[in-house]
Amino acid sequence: MNLLYFLDLVGTAAFAASGAWAAVRNRMDLFGVLVLGLVTATGGGTLRDLLLGDTPPFCLKDENYLYISFGVALAVFFLHPWLKALAHPLLYFDAVGLGTFVVIGTGKALSFHMGFLGAVMMGVMTATAGGMVRDVLSNQVPLILRREIYASACLAGAALLVLLDKTPLPQPLAALAAALVVIALRLLAIRYNWALPRARG
Amino acid sequence: MNLLYFLDLVGTAAFAASGAWAAVRNRMDLFGVLVLGLVTATGGGTLRDLLLGDTPPFCLKDENYLYISFGVALAVFFLHPWLKALAHPLLYFDAVGLGTFVVIGTGKALSFHMGFLGAVMMGVMTATAGGMVRDVLSNQVPLILRREIYASACLAGAALLVLLDKTPLPQPLAALAAALVVIALRLLAIRYNWALPRARG
Amino acid sequence: MNLLYFLDLVGTAAFAASGAWAAVRNRMDLFGVLVLGLVTATGGGTLRDLLLGDTPPFCLKDENYLYISFGVALAVFFLHPWLKALAHPLLYFDAVGLGTFVVIGTGKALSFHMGFLGAVMMGVMTATAGGMVRDVLSNQVPLILRREIYASACLAGAALLVLLDKTPLPQPLAALAAALVVIALRLLAIRYNWALPRARG
């Protein structure tokens, strides 16, 4: 599935850019920009692989993920004043990455025979844990825990993929449908500013 | 040992409630409440299993732990104004969970042939690491690092179990004795407001 | 390689002291001092071993690391008013530990057949991740992400070792050279107050 691999690298680049940008905003030095770019892009998938016992994790088996993460982080570090115009387009690449990460994470959990809830959880985690580590290293409560940005879209896509896995639908089609659901929900959430409810005060 | 499994689920529910409550207090959204409930209840045992190389961790092998964590977190999210009366009883269930987690963690480390200090450490970690991750995600210094709440009771129980493991005492009896020590010390600490010393200023 | 093992224990003690000191400064209790001493000294190597799939991690296979970490942390807790005179010498032991951790981490990653970037990253991570966890548990942005203290020296040593690994130079000599580079750069950075650049504002 070469398309999925390509989209995965696109998502990796978009997530690395968001991590590096957060480091620049927080006045970190070059090392901080590299670390935040890396953990944002690869943290979720790495945690998934550790939990599945599939070590070394994906990004150490295929160093393209490392080269892209560090390359993008370096570019953001040196060029960020000129890259501001890319902030809006970045949201679209980020949504593509989100859908891809959910599908890859859920699919891998299913192939390791996780149950329904475990597979959904690992799909959501693959797409969201890197951003949580980024926020913890920036000494902030992870944004995703406070304000809906990603979670519902990931949940819907991961649950759909687990359900489609029980049907005779070919896996590539199921993956495509699930990824499109995540991407569409994410873009709609940006467009209409959707948010999850909080508990009553 | 069905009693131990039952107590483990009780402890899981109590820990999930404490995590979800912290999320509600910190004005997190529904996703944050689910995540904090889950990591508080299963984080310690998951870290233990990762360190022992026993993957996937317990909560992915037996999804009951996930269903209980998410179920309790959902209940806290929707019903927390009516659940305040349960805050005090929760402390007792929490103490039961503490004793159970220490015994399960220490016992598992012993069965994986860890040494004295390693086994004690893993027992304490099983019971305390989830709460530390909860506090880190809430952007706070973990409460347990600042003010005695759990640590001494866990340490005493874990060390007792490691020592009893060298004696001919049957394992279920040793586990019961260690769990009771943790629970009793914990309840006494609540009752008499015990605290560990801090370093002199 | 007995010298390397000895230097590793020296570094473990120095890192444990830095973690325990941070806990004392942050007014943590005895348990906090023990936890911060342990994670600072063993966190980087433990994360490396988890990623390589070599479980249980080094410090659970050889409990000397645990005894040294807890012993040093206890000493700092009880004796810290009298240990202040040791703060400056500690920097030298810390530099020795840094060089040793980088060399051990990079070498282990190479023996597990990691690629160039993966091996460098694991060397740097072995020496720096424990300090990052210490800072996260102290509710601070990790110092190393904001202000150069370690990162460049570790990077240079790890990259040198990976390059020398392709040459016929005997491994112990390569390790020695890489460790000396890290230690020399670190001491020069302290002496001349070097810092990495930040992104322009």
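Reply: A patch is built from residues that have over 30% relative accessible area and no salt bridge, with like charges joined within 9 Å and nonpolar side chains (Val, Leu, Ile, Met, Phe, Trp, Tyr) joined within 5 Å. A salt bridge here is a side-chain nitrogen of Lys or Arg within 4 Å of a carboxyl oxygen of Asp or Glu, and accessible areas come from the Shrake-Rupley method with a 1.4 Å probe, where for residues only the protein chains shown count as cover. The model is predicted, so local features need pLDDT of at least 70 and side-chain atom pairs count only at pLDDT 80 or more, whereas totals for chains, interfaces and linings use all residues; side-chain values use heavy atoms, without hydrogens and water. Residues are numbered from 1 along each chain as its sequence is written, and chains are lettered from A and ligands numbered from 1 in the order in which they are written.

On the surface, a nonpolar patch is formed by A:L3, A:F6, A:L169, A:L173, A:L176 and A:L180, which together have about 590 Å² of accessible area. In chain A, α1 (2-25) and α9 (171-192) each supply at least two of the patch residues (helices are DSSP runs of H or I with at least four residues, numbered from the N terminus). The most is given by α9(A), with three residues. A:L169, by contrast, sits in the loop between α8 (151-164) and α9 of chain A. Because its relative accessible area is 36%, A:L169 counts as partly exposed, the class between buried, under 20%, and exposed, over 50%.

To place chain A in the whole, chain C can be laid on it with an RMSD of 0.0 Å by a turn of 120° and a shift of 0.0 Å along the axis, the superposition being by least squares on C-alpha atoms of residues with pLDDT of at least 70 in both copies. In chain C, the C-alpha nearest that axis belongs to C:N139, 3.8 Å from it. Only 10% of the interface residues of chain C are also interface residues in chain A, so these copies meet through different surfaces, with contact meaning heavy atoms within 4.5 Å.

Chain C can likewise be laid on chain B, with an RMSD of 0.0 Å, by a turn of 120° and a shift of 0.0 Å along the axis. That is the relation of a three-fold axis. For this pair, only 11% of the interface residues of chain C are also interface residues in chain B, so here too the copies meet through different surfaces.

How values were computed. Buried < 20%, exposed > 50% of the residue type's maximum accessible area, 1.4 Å probe, protein only.
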